[in-house]
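User: I want a close look at one stretch of this model and its place in the chain. Please keep it brisk.

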Amino acid sequence: MALKGAGFRVCKFPARTWLLSVGDRHWLWDTGYAEWFERATRQGIFHLYRRITPVYFDPREAMVAQLAAHGLQPADLQGILLSHLHGDHMAGLRDFPGTPVLCSEEGWNRIHRLEGLAALRQAFVPALVPEDIAGRLQFFEHFPETALPPELQPFTQGYALPHSQGDIVFVPLPGHAAGHFGAFVRGEQGWVLLAGDAAWSPTGYQQLRGPSVLANVVMDQPRAYYQTLERLHQLWRGGKVQILLSHEGDL
């Protein structure tokens, strides 16, 4: 399903997150899974979500627990950065009470009021959203627009995260989900693109092979997805940026 032509076999499909630090400021890129997902999908229509994509989750691997093991508490974070609003990327929001939540305004406006089957078709689980989130939201599109350096072509413009010294810049990667964004992160070894679900395997952008056509059922805009895949391909061919995917497994 995740890669056209890969055959029908079970594969590992990790939910990866990243801790981003600039000086003494810290942000979490996506939350991955948490116990809240198990509770929200235990019964009713959202039980189909976990039937379609079975989850193997150890509470010790929740991001709030992993951060604590490294001496960080929710209050130490400047924000949770959500690539998009699918359940496997935001299930841990309730583990971070009071922490600002940053995401796409377009994605939020299109998704957050959905319920029932309409929400399920967008892989959005309303019960994962904290009740006080409205007062904690910040939107990528409201941040300063900035020109990107030549080595990031074909990407030329992005939204710079405040207080990140220009080291974290958000870019839209449309197609997979409403308001799907990636983030260019400048580290000691150069630029990295956190590309979320813009592809599900490096083979996807290296060979321009998308997922099975059956995956179009849960895709926001298939045509835009392949346009984004083409841009990732060009970026990869440039050889100056490492691309990291959220679900890069053993495909």
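Does Gln-165 count as buried or exposed? Please follow the chain on from there.

Analyst: Gln-165 counts as exposed, at 64% relative accessibility. (Buried means under 20% relative accessible area, exposed over 50%, partly exposed in between; 1.4 Å probe, protein chains only.) This is a predicted model, in which local features need pLDDT of at least 70, side-chain atom pairs count only at pLDDT 80 or more, and totals for chains, interfaces and linings use all residues. Numbering starts from 1 along each chain as its sequence is written, and side-chain values use heavy atoms, leaving out hydrogens and water.

Gln-165 sits in the loop between β7 and β8. (Helices, H or I of at least four residues, and strands, E of at least two, are DSSP runs numbered from the N terminus.) Its phi is near 60°, a positive value in a residue other than glycine. Most residues other than glycine have a negative phi.

Asp-30 lies in the loop between β2 (25-29) and α1 (35-40). Yet Asp-30 is buried, with a relative accessible area of 0%.

Back to the stretch itself. The peptide bond from Gln-153 to Pro-154 is cis, with omega about 15°.

Strand β8 (residues 168-172) runs antiparallel to β9, with 5 bridges between them. (Two strands pair if DSSP finds at least two bridges between them.) In that pairing, Ile-168 stands opposite Val-185 of β9. β9 also pairs with β10 (residues 190-194), again antiparallel and over 5 bridges. Val-185 has Val-192 as its bridge partner in β10. A hairpin of 2 residues connects β9 to β10. Strand β9 (residues 181-187) is mostly covered, with 5 of its 7 residues buried.

Now the wider setting. The protein chain has 8 helices and 11 strands. Of its 251 residues, 49% count as buried. Of the contacts with a separation of 6 or more, 66% link residues 24 or more positions apart. (Contact means heavy atoms within 4.5 Å.) The C-alpha trace spans about 50 × 45 × 35 Å along its principal axes.
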